[in-house]
Amino acid sequence: MRVFLKSQPISSFRRFSTKGPPAPKDGINWEAFGFELTKTDYIYMAECKKGETFKEGKILPYGPIPMDPASSIFSYGQSLFEGLKAFRTHTGRAVVFRPWENCKRMNDGAKRMLMSTIPEEVFLDAVKKTVINNGAWIPPTGKGALYLRPVLMGNGASLGVAPSPSYTLLVYASPVGNYFKGEVKAISLLVATQHHRSAPKGTGHVKASGNYAPVFEAQKRAKDNGFSEALFLDAKEDKYVEEAGASNFFIITKDNKLITPNLGNILPGVTRETVMILAKELGYQVSEEKLDIDRALEASEAFCTGTGASITPVGSISYNGKKVVFGDGQPGKVTMQLYNTLRDIQFEKTNDIRGWLYDPYQDS
Ligand SMILES: *Cc1c(COP(=O)(O)O)cnc(C)c1O
C-alpha cells in the first residue's frame, strides 16, 4: 500500500529527533478564529507551461500576485482548489492529514480540466514549505489547525475559449478555529429544491472552482431560512442525495449500517474515505449506494464530512416543507464515536498505524 511506504515510523523520530514546529505566535487569541481568512506570512508559488508538469516552486511573502488580465481563470474558470489541515498534536509534532490524497485528487481534476499536473514530490514540497514557513501560525494543540489552500489555475492569456498556455500552483495558509467551540452540536440541513450542484458527466467529482459559486444562492436560501447548510439532490432524477456544498453526507440506518452516496457526481472527500475505513474497522457495515432522499429521512443518525468541519452531526433535514428530526436532534452515538476516533488519530492520541500523518518537519 503506497501510503504506508510514505509514512514515517513515529517511534523512531519521537525519541531521537528534536525537529518540530516553533511555539505558536504570542499575543494571538486562538479561540477567536472561525473559518475566516487570517493572512499568514508566506505563500508557495510554482509556474508551468501547458503540456509540461510542475517543478518545485518558491516561497514568497504573502501578498498580491501579478496576473494577466486575459488569464483563462478569469473568463473561463480553468481552476481547481484543495483544502487540507496541519495540526499541532499531543506529541508536539505538526502533522498534515493524508496530503497524498489531495495531490491525487488535484491531478484528477487537472486532467479533467486539461491543466498541467503536479508530481507528488512537488505537491509535498509545497505543503512542507508552506507549513514550515508559517509554522508559528499552527494553533496550539486542540485550538484549531493551520488550513492550507492549494490553488491550481490557468494564469496564461487566452482570448478564445481554450486551455491556458501556462499554469500557476499556489498554496496559502490560514489558521482556523475548531468548527465547534466547546460542545459538538448538530446542524440542520435544507434540501435544495431550486438548484443542483452537479450534472451527470459534469465536473462534480473534481474540486473545480466553477462548482462553487453556482450553489451560493442555494446556500444563502438555506441560511436565510435558519438552516445551517443546503443538501443537494442528483440532477437527473432529483431524488437521490448527493452532498452538501462542501461536505459529503452519511446516514446510519436503524440497524446500524452506514450508507453514503456512491461516487460519480459527488466530490470524493478524503474525510469520506477515511470515515468509511474507520467505520469498517470499528465493525460497522458500510455501503456506497444511491441514497433516495426518502430513505435518508428514515435514518437514525446522519452526518456530514469534510476537512473544514471534520465530522458534523446532522440533527434534522427539511424537504419540501417537512422537517425530520433524527433521534432527539442531538449528535448521534455512532457519529460521535467516529468523530472521536478521527480526532484521536489527527491529534496523535492514538498511533498512526495507517500512515495517514505527514510531518513536514521530518521530511527534509
Ligand atoms: C472539499 C469537498 C468535500 C470534502 O472533501 P474532504 O477531502 O473531506 O475535505 C466534500 N464535498 C465537496 C463538494 C467539496 O468541495
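This is a predicted model: local features need pLDDT of at least 70, side-chain atom pairs count only at pLDDT 80 or more; totals for chains, interfaces and linings use all residues.
Residues are numbered from 1 along each chain as its sequence is written. Local features need pLDDT of at least 70 and side-chain atom pairs pLDDT 80 or more, while totals for chains, interfaces and linings use all residues, and side-chain values use heavy atoms, with hydrogens and water left out.

Polar contacts are pairs of N or O atoms within 3.5 Å. An oxygen atom of the ligand is found 2.6 Å from a side-chain N or O atom of Thr-271. For Lys-207, the distance from a polar side-chain atom to a ligand oxygen is 2.7 Å, and for the side chain of Arg-105 the corresponding N or O atom is 2.8 Å from a ligand oxygen. Of the 380 Å² of accessible area that the ligand has on its own, the protein covers 97% (Shrake-Rupley method, 1.4 Å probe).

Strand pairing was assigned where DSSP finds at least two bridges between two strands; strands are DSSP runs of E with at least two residues, numbered from the N terminus. Strand E1 (residues 42-49) pairs in the antiparallel sense with strand E2 (residues 58-61) over four bridges and with strand E7 (residues 166-176) over six bridges. Met-45 has Lys-58 as its bridge partner in E2, and Met-45 also stands opposite Leu-170 in E7.

Strands E15 (residues 310-319) and E16 (residues 322-325) are likewise antiparallel, with four bridges, and Ser-316 is opposite Val-325 in E16. The hairpin of E15 and E16 has two residues between the strands, and Asn-320 adopts a positive phi near 50 degrees there.

Technical notes:
A polar contact is a pair of N or O atoms within 3.5 Å; within protein, one must be able to donate a hydrogen and the other to accept it, and residues adjacent in sequence count only if both atoms are side-chain atoms.
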